[in-house]
Amino acid sequence: MQKLKLKVCGMKHPQNISEVAKLQPDYMGFIFYEKTPRYFEAQIPQLSPGIKKTGVFVDASVDDILEMIKKHKLQAVQLHGGESAEFCQELQILFAGMDKMEIIKVFSVKEEFDFSVLREFEGNVDYFLFDTKGKTKGGTGETFNWELLKDYPSSTPFFLSGGISPEEIAAIKKLQNHFEQQAKSEVFYALDLNSRFELEPGLKDPNLLQKFSEKLKN
């Protein structure tokens, strides 16, 4: 079974960032959106080269995104608003001259989802991310109906997000098995962990994250 990548999102406090970084997640997410309690304003401490620093943006301008990439030496951007396929393509063209920059486009899901909306984004992003649709952006603590993803038609790898907690290990393995049986194991790429691993918004519990990671491996 293919090993799922782990992204810990909504990081805020430098000391906590350093503690979580010791667990060697594949990605760490920093939210550059002022209307969230996880809004990141600090400096990112030195991280292992194996951890991809990911900036999370909501309908930000190209200039604002480029400014944060330069300031924090980001290696990925996550677009959590209503960004168009053309906008993603514009970023992709700008990123062509940089070291490898990844683009993750977020789609919110509730009881149903029209996968046809993904088509125009194909080739303009590196990953899709499916999150639970809520009244605010990010960190709802609720899961959506993961059964919907069994109809995933794309070859673009995706992140699973939205209320993931240690209690969902069995359901995650079940979804992995589905894609294994379809010979599409590579499309279920990563888990995005946030609010269910927090002591308070933006402050992660390293022990809980470590236990989850160990359980997932086993």
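Lys105 is buried, because its relative accessibility is 2%, and the cut-off for that class is under 20%. The structure is a predicted model, and the values below are computed from it. The side chain of Lys105 forms a salt bridge with that of Glu83, at 3.4 Å from N to O. Glu83 also counts as buried, with a relative accessibility of 6%. Lys105 belongs to strand S5 (residues 102-109), whereas Glu83 sits in the loop between strand S4 (76-79) and helix H3 (85-95). The two residues are 22 residues apart, and the pair links distant parts of the chain.

**Salt bridges**

The whole structure contains nine salt bridges. Among them are the pairs tabulated here.

| Pair | N to O distance |
|---|---|
| Lys105 and Glu83 | 3.4 Å |
| Asp126 and Lys100 | 3.0 Å |
| Glu142 and Lys110 | 3.9 Å |

Asp126 and Lys100 meet through their side chains. Asp126 is in the loop between S5 and strand S6 (127-132), and Lys100 is in the loop between H3 and S5, so this bridge ties together parts 26 residues apart in sequence. How accessible is Lys100? Lys100 has 58% relative accessibility and counts as exposed.

Glu142 is partly exposed, with a relative accessible area of 44%. Lys110 is likewise partly exposed, at 35% relative accessibility.

Salt bridges also link Arg38, Glu198 and Lys204 into a network.

**Helix H1**

Helix H1 spans residues 14-21, and its buried residues are Asn16, Ile17, Val20 and Ala21. Why do they line one face of the helix? Viewed down the axis of H1, the buried residues fall within an arc of 140°, so they line one face.

Terms used. Residues are numbered from 1 along each chain as its sequence is written. This is a predicted model: local features need pLDDT of at least 70, side-chain atom pairs count only at pLDDT 80 or more; totals for chains, interfaces and linings use all residues. Side-chain values use heavy atoms; hydrogens and water are left out. Buried means under 20% relative accessible area, exposed over 50%, partly exposed in between (1.4 Å probe, protein chains only). Helices (H or I, at least four residues) and strands (E, at least two) are DSSP runs, numbered from the N terminus. The arc is that of the directions from the helix axis to the C-beta atoms. A salt bridge is a side-chain nitrogen of Lys or Arg within 4 Å of a carboxyl oxygen of Asp or Glu.
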